[in-house]
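Here is a structural report on a protein chain and its ligand. Look over the sequence and the model, then read on.

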Amino acid sequence: MKGMLFTELFELIKKKFGENLLDDVIDDSKLANDGAYTAIGSYEFDELVRILVSLSKHTNIQIPDLLELYGEYLFDKLIKILPQFNTSTDILDFIEKVETHIHVEVRKLYPTAELPSFDIIYKDDSTLEFFYVSSRKLHYLAKGLLLGASKYFNEPISIDMNEDNERVLFKIKRI
Ligand code: HEM
């Protein structure tokens, strides 16, 4: 995983739960480099999992809820770090382009990026349906990112998620 995912998660933990809790989470997670990440480095996905498990233990918040919170926070950061990747003004158009444009550009910039795929199966003026496919099973992070995008575009949406073996069906509707 890209280092920026770790550095931004630490920022969020510090802001929301305080520096002491962040120190405890880092200690408990037994990280290879004691939690010293650089935004441009790449690190094991397993370290992110350990941080989330420890954060969940310290805050009593379930991991899916933590991932959603984190995704919503992360969206604004990603769009600020890489603003040139956004070519949309409409939320459904934007979501469709995450697969066809944004993550494609991310991969050019960071060839080792670990990205999900979104297989779009239906789209009309008010609805978008796609399968989230990723071995990392970060669909609650995806949900948080979608909520962050909805706020960013000021376009409210409903998000319906259905797990289907190795994939998750997302149904997005304008509301
Ligand atoms: C609603 C919009 C978006 C969704 C739903 C989304 C979804 C995701 C998810 C779920 C991951 C984690 C990897 C996985 O699941 O396998 C990811 C990784 C990532 N995404 Fe997106 N994304 C969105 C928008 C963006 C934008 C706007 C950018 C940049 C401008 C971006 C850049 C990245 C980067 C850099 C990673 C990390 C890759 C790595 O750590 O190796 N994403 N995205």
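## Two domains

In this predicted model, the C-alpha centres of domain 1 and domain 2 lie 23 Å apart. The chain is divided so that domain 1 covers 3-61 and domain 2 covers 68-174.

Six residues of domain 1 and eight residues of domain 2 make the contact. On the domain 1 side, α1 gives the largest share, four residues. That side of domain 1 divides into four nonpolar residues, one polar and one charged.

## The nonpolar core

The largest nonpolar core has 37 residues. Within this core, I95 and L141 have the most contacts. Two or more core residues come from each of α1 (3-17), α2 (19-29), α3 (45-59), α4, α5, β2 (127-133), α6 and β4 (167-174). Both domains take part: the core draws at least three residues from each of domain 1 and domain 2.

What does I95 touch, leaving aside residues up to four places away in sequence? Its contacts are L128, L146, A149 and I172.

## Helix α5

I95 is also one of the buried residues of α5. The others listed with I95 are I91, L92, F94, V98 and I102. An α-helix has 3.6 residues a turn, so residues three or four places apart point the same way.

A kink of about 65 degrees is centred on V98 in α5. V98 is itself buried.

## Around the ligand

The shell around the ligand holds 24 residues. Those that come nearest are K2, L82, A113, P116 and S134. By class, the shell divides into 19 nonpolar, two polar and three charged residues.

Which helices each supply at least two residues of this shell? They are α4 (63-81), α5 (91-109) and α6 (139-153).

## The start of the chain

M1 lies in the segment before α1. Is M1 buried or exposed? M1 counts as buried, because 21 other C-beta atoms lie within 10 Å, and the cut-off for buried is 20 or more.

M1 touches S42, Y43, F45, L48 and E114, leaving out residues up to four places away in sequence. M1 and E44 are 43 residues apart along the chain. Their C-alpha atoms are separated by 6.1 Å.

## The loop between α2 and α3

I40 is found in the loop between α2 and α3. Why does I40 count as exposed? I40 has 11 C-beta neighbours inside 10 Å, and the cut-off for exposed is 12 or fewer. I40 and L5 are 35 residues apart in sequence. In space, these two are 9.7 Å apart, C-alpha to C-alpha.

K30 has its place in the loop between α2 and α3 too. K30 is not a glycine, although its phi is positive, about 50 degrees. K30 is exposed, with 10 other C-beta atoms within 10 Å.

## Two further loops

T87 lies in the loop between α4 and α5. With 11 C-beta neighbours inside 10 Å, T87 counts as exposed. T87 touches K97 and H101, not counting residues up to four places away in sequence. How far apart in space are T87 and Y70, C-alpha to C-alpha? The distance is 24 Å, for residues 17 places apart in sequence.

N165 lies in the loop between β3 and β4. Phi of N165 is positive, near 50 degrees, and N165 is a residue other than glycine. N165 counts as exposed because it has 5 C-beta neighbours inside 10 Å.

How values were computed:
Residues are numbered from 1 along each chain as its sequence is written. This is a predicted model: local features need pLDDT of at least 70, side-chain atom pairs count only at pLDDT 80 or more; totals for chains, interfaces and linings use all residues. A residue is near a molecule or strand if its C-beta atom, placed from the backbone, lies within 6 Å of it. Ala, Val, Leu, Ile, Met, Phe, Trp, Tyr, Cys and Pro count as nonpolar, Asp, Glu, Lys and Arg as charged, and the others, Gly among them, as polar. A nonpolar core is a set of buried Ala, Val, Leu, Ile, Met, Phe, Trp, Tyr and Cys residues joined through C-beta atoms within 7 Å. Domain bounds come from an automatic or database domain assignment. Two residues are in contact if their C-beta atoms, placed from the backbone, lie within 7 Å. The bend at a residue is the angle between axes fitted to the seven residues ending there and the seven starting there.
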